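Subject: Structure handover

Hello,

My notes on it follow below.

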Amino acid sequence: MVFLFNDISKQAEQIEYLCRLFLIKMIAKEIQLAVNKGEMLPLMEEFYTIQGEGFHTGTAAYFIRIGGCDVGCHWCDVKESWSADLHPPTATDLIVENASKYADTIVITGGEPLTWDMTLLTQKLKAKNLRVHIETSGAYDVTGTWDWFCLSPKKNKLPMQTAYNIAHELKVIIYNKHDFQFAEEQAAKVNPNAILFLQPEWSKKEEMTPLIVDYVMNNPKWRVSLQTHKYLNIP
Ligand code: SF4
C-alpha cells in the first residue's frame, strides 16, 4: 500500500510539472505573439534627458530604447541592446503611460527599433498629442507614424528605400576617412529636404572631429553633429 501511495504521489508531481510547463509555454507563445503585433516591445530602458545629437540637439525629450538589433556595427556603443531576449517584453500601453508623464517629445531608439512593428506604439503616443521621433538605421521596413525621422545608415545593412524617402535628417557616423565617401553616397540617395549631419564616432572623436570640421567648411551642405550628451555626462 505504501508503494502505491508513493507511485500516486509521484504521478501527481509529474502531472503538476507538465501542467506548469504547458502553461509557461502557452504564456511565452502569447507574449511572442503580442511582441510580433507590437502590443508588447522588448524595453531596454527609458529616460528623460536632453537630445544630444543631430537637428534637435539641446532639447528635452523622453527616450525609449527598444532592445534588438542585428546590424552589427563594430563600434556600437549600446551592444547590450543587441539581444532582444535580455529585455523584458513590456506592454506598449505601459510604455506610453510612463512616457506621457515627462515630455512632449518622445524619441524611440535602440537597438534597431524598426526590428519591431512600431504602428501601435506611435499611434498610442500620438493619441496623447506627443511628438514622436525615431533614430534608426533604416535597415528594416518602416512602420509607425513619425514626426521626425532621423536616418543613420550603416554600411553593414543599408537602409530601405522608404527610409531614404521620408528622412527628415541624415546622420552619418564618421569612424574613419572612408566614411566621408559613404556619407556622400548616402546623401545622394536621401530625399533632397533631409538635413545632412556628420558625427564623429565617440572613440575616434579626437582624430575625426577636425577632419569633419574641415569637410563641412569645404562642403557646407553638411552640418556637424556631436554627441553633446556625452560631453554633458548625461544619458
Ligand atoms: S544599428 Fe545602432 S544599435 Fe545596431 S549595431 Fe549599429 S549602432 Fe548599434
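Where is Trp75 found? Trp75 sits in the loop between strand E2 (60–66) and E3. Helices (H or I, at least four residues) and strands (E, at least two) are DSSP runs, numbered from the N terminus.

Before the rest, the ground rules. This is a predicted model, where local features need pLDDT of at least 70 and side-chain atom pairs count only at pLDDT 80 or more, while totals for chains, interfaces and linings use all residues. Residues are numbered from 1 along each chain as its sequence is written, and side-chain values use heavy atoms, with hydrogens and water left out.

Back to the tryptophan. Trp75 is partly exposed, with a relative accessible area of 22%. Buried means under 20% relative accessible area, exposed means over 50%, and partly exposed lies in between (1.4 Å probe, protein chains only). Leaving aside residues up to four places away in sequence, Trp75 touches Lys154, Ile173, Tyr175 and Glu201. Contact means heavy atoms within 4.5 Å. Trp75 and Tyr175 are 100 residues apart in sequence, yet 8.2 Å apart in space, C-alpha to C-alpha.

Overall build

The protein chain has seven helices and nine strands. Its radius of gyration is 22 Å, well over the 18 Å that the globule rule gives for 235 residues, so the chain is more spread out than a compact globule. That radius is taken over C-alpha atoms, and the rule is 2.2 Å times the number of residues to the power 0.38. The C-alpha atoms fill a box of roughly 95 × 35 × 35 Å along the principal axes. Of the 235 residues, 44% are buried.

The sheet

Nine strands form an open sheet with mixed pairing, in the order E3-E1-E2-E4-E5-E6-E7-E8-E9. Two strands pair if DSSP finds at least two bridges between them. Strand E3 (89–91) and strand E9 (222–224) stand at the edges with a single partner strand each, so one side of each lacks a neighbour in the sheet. From one strand to the next, the twist averages 30 degrees. Helix H6 (residues 205–218) packs on the sheet and touches strand E7 (169–174), strand E8 (195–200) and E9. The direction of H6 makes about 150 degrees with that of E8. Axes are lines fitted to C-alpha atoms, for helices over the stretch in contact, and angles run from 0 to 180 degrees between N-to-C directions.

Strand E4 (residues 105–109) pairs with strand E5 (residues 131–136) in the parallel sense, over four bridges. Ile106 has Val132 in E5 as its bridge partner. Five of the six residues of E5 are buried, so E5 is largely enclosed by the rest of the structure.

Helix H3

Helix H3 (residues 119–127) has Leu121, Thr122 and Leu125 as its buried residues. Seen down the axis of H3, they fall within an arc of 90 degrees, so they line one face of the helix. The arc is that of the directions from the helix axis to the C-beta atoms. Their cover includes strand E1 (40–50), helix H2 (92–99), E4 and E5. Asn129 follows H3, with a positive phi near 60 degrees.

Cysteines

The whole structure has zero disulfides, a disulfide being a pair of cysteine sulfur atoms within 2.5 Å. Cys19 is partly exposed, at 47% relative accessible area. Cys73 is buried, at 12%.

Best wishes
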